[in-house]
Amino acid sequence: MDKRQHTFSHSAFLNSKDRSFILWRLTRTPEQDEYWQNYIRSHPEEQQEFDEAIAACDQIRINERTFADTDVLYRSICEHLAAADRRRRRLRIYRAAGVAACLVVLLSATLYLYFAHDRSLNPVREEIVGQIQPDEDILLIAGNKTVQLQENTQLQLSNGHITCTDSARKASKMVIAGGKTNRIVVPYGKRTFVTLADGSRVWINSGTEMEFPGTFAGGERHIRVDGEIYIDVARSARHPFIVHTPKLDVTVHGTCFNLSAYAGEGNSSVVLVRGKVSVRAANGSSVEMKPNEMASLNGGRLAKQHVDPELYTSWVNGIFIFDNTPIAQVLNRVSKYYNVSFDARAAALSGKHVTGKLLLSGNIDDVLTSISLLTSTHYTRSGNTVRLTDKQ
């Protein structure tokens, strides 16, 4: 465990930025026990606040309850801390930093309980190995020019130019030929945003390539996507907007939807947030969609079902939301977002499902720690190699 010394006061144990205190109360490993015992011996003046923080966590009796989702567990913690605040006027938890610091751990607590219950059914000790892949740049290819971009650079097409604005709000322009196709390549672990020439806004997820023109000419607007995007299409009844993917096409007039269509994966899907779209597969089958519906293509079969769009679009806001999601799908989404390749042969998690919210922290170790709790495994990292070993 991290041997850094901390100075805590009042509710800071619960709001500590590295979340080590809450992790300790949730998992209680011998290493964590030793660390916090040594800490309080070195800081006896904080004994009262230390005991209050322990009581606030432990009164929830996590070992005796199963929470349906993260929000229920979080509200329970809030209620206990609010009661302590009324008694002593010292515990203050309603701060944005505290919420952000706790969110990942709260999800982990919920799922730790779920998998702790199932662990006895699978006594075989197994290991999942992940490899953090080398960092790559986002590439913008316009004509014979190739430009490297930072993550979260925003691109704006207008009047024959592409304006690139980085996270420091530094802008640069490049001239493009209106009739030519441009391409943006977003590697795994990166994301970016593009405003097309017609005003349509596109959030581009990890591992995605998108082809788009400098200007839209003629009666239809066309782009090509291999990967995942969230798009808010500028309305134009006379100029249909068509998104082409390796396996299906989506035709719209003005709408907002999430599209996931990676060429190397068997399943492609469209989730409609608002408006109306038609989806046509390569084999000629098609469906008309209404809001809160998902059209999915799997094994050549195009099917439609009612869904909660937020489960598929929350990545735009830096959150993954899971609702009884198979753990294989969880790891697949996380691997793309953070560019971590997990051993596809690992079967330790097959059959398990996840419900809750995962805050997509910029610190990969925070996320991998949460994944270890999600999967009831022990997390270690050596260089770029990640090991999640099943707990006995």
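## Exercises on a predicted protein chain

The protein chain exposes about 19,300 Å², of which carbon and sulfur atoms supply 47%; accessible areas come from the Shrake-Rupley method with a 1.4 Å probe, and for residues only the protein chains shown count as cover. The model is predicted, so local features need pLDDT of at least 70 and side-chain atom pairs count only at pLDDT 80 or more, while totals for chains, interfaces and linings use all residues. Residues are numbered from 1 along each chain as its sequence is written, and side-chain values use heavy atoms, with hydrogens and water left out.

**Exercise 1.** Describe the secondary structure and the burial of the protein chain.

*Solution.* Step 1: the secondary structure comes to nine helices and 24 strands. Helices (H or I, at least four residues) and strands (E, at least two) are DSSP runs, numbered from the N terminus. Step 2: of the 392 residues, 50% count as buried. Buried means under 20% relative accessible area, exposed over 50%, and partly exposed in between (1.4 Å probe, protein chains only).

**Exercise 2.** Determine which faces the side chains of strand 16 point to, and which strands pair with strand 16.

*Solution.* Step 1: strand 16 covers residues 277–281, and its side chains alternate. Step 2: two strands pair if DSSP finds at least two bridges between them. Strand 13 (residues 248–252) is joined to strand 16 by five bridges, and the two run antiparallel; Leu248 stands opposite Ala281. Step 3: strand 17 (residues 286–289) also runs antiparallel to strand 16, with four bridges, and Glu288 in strand 17 is the bridge partner of Ser278. Step 4: strands 16 and 17 form a hairpin with four residues between them, and Gly284 in the turn has a positive phi of about 100°.

**Exercise 3.** Identify the residues with the most contacts inside the largest nonpolar core.

*Solution.* Step 1: a nonpolar core is a set of buried Ala, Val, Leu, Ile, Met, Phe, Trp, Tyr and Cys residues joined through side-chain atoms within 4.5 Å. Step 2: the largest such core has 41 residues, and those with the most contacts inside it are Ile184, Met210, Ile223, Val250, Phe257, Leu259 and Val279. Step 3: strand 11 (residues 221–232) gives the most to this core, namely four residues. Step 4: a second, separate core of 24 residues includes Ile132, Ile327, Leu331 and Val334.
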